[in-house]
Amino acid sequence: QHTAAQPTPTRRSAPPSPTPSPPPTFCAKVAPGFPCTMRDRIRQVRRSLRHLPGSIGIVLHDRATGATWASANASVQYPAASTIKLAMMTDLLLRNRSGAIQLTPADRRAMFGALYTSNDNDADDLWDRYEDASFINRIRAFGMTNTNFTTSAYWGYIDTTPQDLDNLINYILTTAPAGVRDYLVHRLQHVSAIDQQWGVWGAGPQNHPGNKDGWEQDPGPSYGVWITNTVGFAGPHQQYTLAIMYNMRNYGENGNTGFRYGTNKLTQIAATLFQGHHT
């Protein structure tokens, strides 16, 4: 007697677990045109600005995409201080290239000093030798249309805007002849570590920053008014330009405290934008 074989039951495998959906990416609404990471960093900077004393203006520009973020005070005039030396060096190099002037070895050394340590005496020598009231008309070609003398025709008596400074650095990087551009890029990337590596320099060495800084203390009630400015570039092939001008008119501290406060704030803004954290 034979027992019929029982059919082997079919084993059904469990249905595969559904692949979880990636978490949604939330992109900050500020500064459309920038990548989400940069937009989030811009939002962080905007929040930090609410707690700063005085008045600050910022312009950030992406040369690869054309995206620009300008803060509320981007078109407000501030004392240019030594940032205007960058416009002066650009003007001198262009005029030398055209044959309108002939820069001497001594002039070249003065240009180095005016950019490397922001030496005022070197800037004065160059101004006295080559510049006058017509300087303002020439730098209009750099996009500095809202830049003016405040009193007499002298580099130290000039007001400008963050937008004009950003226009200047973009002119250098995009429009200026290669020889002029390469010289200025190199000089801005090799400024003195003593008192020039702040502001845009906060982007960090991995971003190969270059900057021209400027500061002054103007007369005023109590302890006067500190001005700290920075303009420059960061990122591969100088992808980003950044200009910041800060007037600490309500910062009631004397001595060099205002200078240290201002330079630190500008450095932290650049660090947040390009590194995502304070430095």
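Strand β1 (residues 55-62) and β8 pair in the antiparallel sense, with eight bridges between them. Here strands (E, at least two residues) and helices (H or I, at least four) are DSSP runs, numbered from the N terminus, and two strands pair if DSSP finds at least two bridges between them. This is a predicted model, in which local features need pLDDT of at least 70 and side-chain atom pairs count only at pLDDT 80 or more, while totals for chains, interfaces and linings use all residues. Residues are numbered from 1 along each chain as its sequence is written, and side-chain values use heavy atoms, with hydrogens and water left out.

**Around β8**

Let's stay with that pairing for a moment: I58 stands opposite I244 in β8. Strand β7 (residues 225-234) is also joined to β8 by eight bridges, and the two run antiparallel. On that side, A234 has Y240 as its bridge partner in β8. β7 and β8 make a hairpin with five residues between them, and G235 in the turn takes a positive phi of about 100°.

How covered is strand β8 (residues 240-247)? Eight of its eight residues are buried, where buried means under 20% relative accessible area, exposed means over 50%, and partly exposed is in between (1.4 Å probe, protein chains only). Both faces are covered: Y240, L242, I244 and Y246 lie on one side, with T241, A243, M245 and N247 on the other.

The expected span is 1.5 Å times one less than the number of residues.

| Helix | Number of residues | First to last C-alpha | Expected span |
|---|---|---|---|
| α6 (residues 162-174) | 13 residues | 18 Å | 18 Å |
| α8 (residues 257-275) | 19 residues | 26 Å | 27 Å |

α6 is mostly covered, with ten of its 13 residues buried. Among them are P162, D164, L165, D166 and L168, along with I169 and Y171. α8 is mostly covered too, with 15 of its 19 residues buried. Just after α8 comes G276, which has a positive phi of about 80°.

**Aromatic pairs**

There are eleven aromatic pairs in the structure. Rings of Phe, Tyr and Trp (its six-membered ring) pair if their centres lie within 6.5 Å; planes under 30 degrees apart count as stacked, over 60 as edge-to-face and the rest as tilted. F112 and Y116 make a stacked pair, 5.0 Å centre to centre with 15° between the planes. These two are four residues apart in helix α3 (residues 105-116), so about one helical turn separates them. F112 is partly exposed at a relative accessible area of 34%, and Y116 is partly exposed at 29%.

Then there's the tilted pair of Y154 and W155, at 5.4 Å centre to centre and 50° between the planes. Y154 counts as partly exposed at 23% relative accessibility, whereas W155 counts as buried at 6%. Elsewhere, W198, W215, W226 and F259 form one aromatic cluster.

**A serine in a loop**

Where does S118 sit? S118 is found in the loop between α3 and α4 (120-130). At 8% relative accessibility, S118 counts as buried. Leaving aside residues up to four places away in sequence, S118 touches S82, K85, G113, Q196, K212 and D213, where contact means heavy atoms within 4.5 Å.
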